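Me: I've got a model open and want to learn how to read it, one feature at a time. Walk me through it, please.

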Amino acid sequence: MLPAIKDYRELARQRLSRFAFDYLEGGAEDGRTLARNREAYEQLLFSPRILKDVAHVDASIEIFGNRQGMPVLVGPTGLNGLYWPRAEEVLAQAAHAAGVPFIMSTASTSLIEDVRAATSGELWLQLYVQQDRSIAEDIMRRAQACGFTTLMLTVDTTVHGKRDHDVRNGFRMPVPFTPRLFVDLVTHPRWCARMLRQGGSPQLVNLARSSGMPGSLARQAAAISRQMNLSLGWADIAWLRDHWRGKVIVKGVLSVEDALDARAHGVDGIVLSNHGGRQLESAPSPLEVLPSVMDALGDSLTVLVDSGVRRGSDVAKACALGAKAVLLGRAPLYGLAASGPRGVAEVLGILREEFEITLRLLGRPVAGSLDASALSPDYRERLGRL
Ligand SMILES: Cc1cc2nc3c(=O)[nH]c(=O)nc-3n(C[C@H](O)[C@H](O)[C@H](O)COP(=O)(O)O)c2cc1C
């Protein structure tokens, strides 16, 4: 076991081919949003209390009536098959073992049905809506048939953010075979062997199946993935409700106005997110907008946060500001790319341990009762300095 998530990141960097690591790690344009996500966590200070009984620590919290091991969810990420074969199955199993839900991306590379067969843990579906809405309807139908509980509509990806490294590497789906890629592959033989074992370039198998094409039509499935429905609006929440029986969450909120619109349109929760700095350059960090969103919403909606979580103390900061829990994007992928199932389990274990240490050292051993008193009182000014 390595000491920290950043050590898994470094191992992932060494072990993955260049284009795969760049795709995993990179941000939009000059990376200002990406950097800001970390700076926001770094700005915040705690206000610890002493001589409190911290013999017993309770990291668990409840979301939509379900108790989970800690205020963390393994978030939705596409193309996970670039890092390890059967990646979604591995992530879902590790999430279950850690007592937290796994959110499966529309751009996943394992079938919804195979992930269900691999775990009895709680599964959520992240939805991208393509121009042909019958594809999203079919994906929802399949996920419901497999007992997925919650739908998360991602709304910050109408078009792909500009990522220079992907342009430089010539990276797109399906992975094109170029001389540059050839060099990348021969210099990473272990990664290359793993990819060959899974049959070569990972495929967008769920999009392929739900659009009625054979899985081998990788190019067409990839094309469909780029045909986002650009006219989706708040009124379409009602369309989602017609096709989804469970809770509905909107991911990609970054303003008080949109948080209020989400509530007005009857969603059950929101994720404050800038997509890990991969989409809009110079977007605010979700942590910066969290206090004013909580002022506006109170506890009328479940508020989740992501982008930049790398430490257990980060989880405590987000919860102290009012988030019910955080989503992890890159962190579990570092573990996956570094050492497969063991790496993901270790990353989640590190976060859990750091979170529990933080709760004890804060003198607030119950995760569910964290509030802004755990932070130094100037937290708004500190976030305002970013
Ligand atoms: C490689 C990668 C792929 C992603 N794919 C998706 C996706 O398919 N759907 C989605 O809603 N978000 C996607 N995201 C965004 C994550 O869900 C999450 O918002 C973000 O990674 C959080 O930031 P962090 O990586 O700093 O934790 C992706 C992020 C990464 C790093």
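Reply: Let's settle what counts as a helix or strand: helices are DSSP runs of H or I with at least four residues, strands are E runs with at least two, and both are numbered from the N terminus. Also keep in mind that this is a predicted model. With that naming, you can find helix α15 at residues 312-320, and just after α15 comes G322, which takes a positive phi of about 120°.

Me: Which residues other than glycine have a positive phi?

Reply: The general idea is that most residues other than glycine have a negative phi. Among those with a positive value here are L51, with phi near 50°, and L79, with phi near 60°. L51 lies in the loop between α3 and β1 (61-63), and L79 in the loop between β3 and α4 (87-97).

Me: Are L51 and L79 buried or exposed?

Reply: You count the other C-beta atoms within 10 Å: 20 or more means buried, 12 or fewer means exposed. L51 has 6 of them, so it is exposed. L79 has 23 such neighbours, so it counts as buried.

Me: Back to α15. How many of its residues are buried?

Reply: Eight of the nine, so α15 is largely enclosed by the rest of the structure. The buried ones are G312, D314, V315, A316, K317, A318, C319 and A320. They pack against α3 (32-43), β3 (72-74), α14, β9 (302-305), β10 and α16.

Me: What does C319 in that helix touch?

Reply: Leaving aside neighbours within four places in sequence, C319 is in contact with P71, A367 and L370. L370 is 51 residues away in sequence, yet the two C-alpha atoms are 6.3 Å apart. C319 counts as buried because it has 25 C-beta neighbours inside 10 Å.

Me: How do I read a pair of packed helices?

Reply: Two packed helices are described by the angle between their axes and the distance between the axes. Take α13 (residues 256-264) and α14 (residues 286-297): their axes come within 9 Å and cross at roughly 35°. The crossing is right-handed. V256, A259, L260 and R263 of α13 meet S292, V293, A296 and L297 of α14. Sorted by class, that contact has six nonpolar residues, one polar and one charged.

Me: The α13 contact residues are spaced in a pattern. Why would that be?

Reply: An α-helix has 3.6 residues a turn, so residues three or four places apart point the same way. Compare that with V256, A259, L260 and R263 on α13.

Me: How do I make sense of a nonpolar core?

Reply: In soluble globular proteins, nonpolar side chains tend to be buried together. The largest nonpolar core here has 115 residues, of which I270 and V326 touch the most other members. Helix α16 gives the most to this core, with 15 residues. Beyond four places in sequence, I270 touches I249, V250, V253, A259, A262, L301 and V303.

Me: Finally, which residues are closest to the ligand?

Reply: G78, S105, T154, G276 and G329 are the closest of the 24 residues that surround the ligand. The shell divides into seven nonpolar, 13 polar and four charged residues. For secondary structure, look at β10 (325-328) and α16 (330-362), each of which supplies at least two residues of the shell.

Definitions and conventions: Residues numbered from 1 in each chain as written. Predicted model: local features only at pLDDT ≥ 70, side-chain atom pairs only at ≥ 80, totals over all residues. Near = placed C-beta within 6 Å. Nonpolar A, V, L, I, M, F, W, Y, C, P; charged D, E, K, R; others polar. Core = buried A, V, L, I, M, F, W, Y, C linked by C-beta atoms within 7 Å. Contact = placed C-beta atoms within 7 Å. Axes fitted to C-alpha atoms, helices over the stretch in contact; angles between N-to-C directions. Left-handed = near helix turned anticlockwise from the far one by under 90°.
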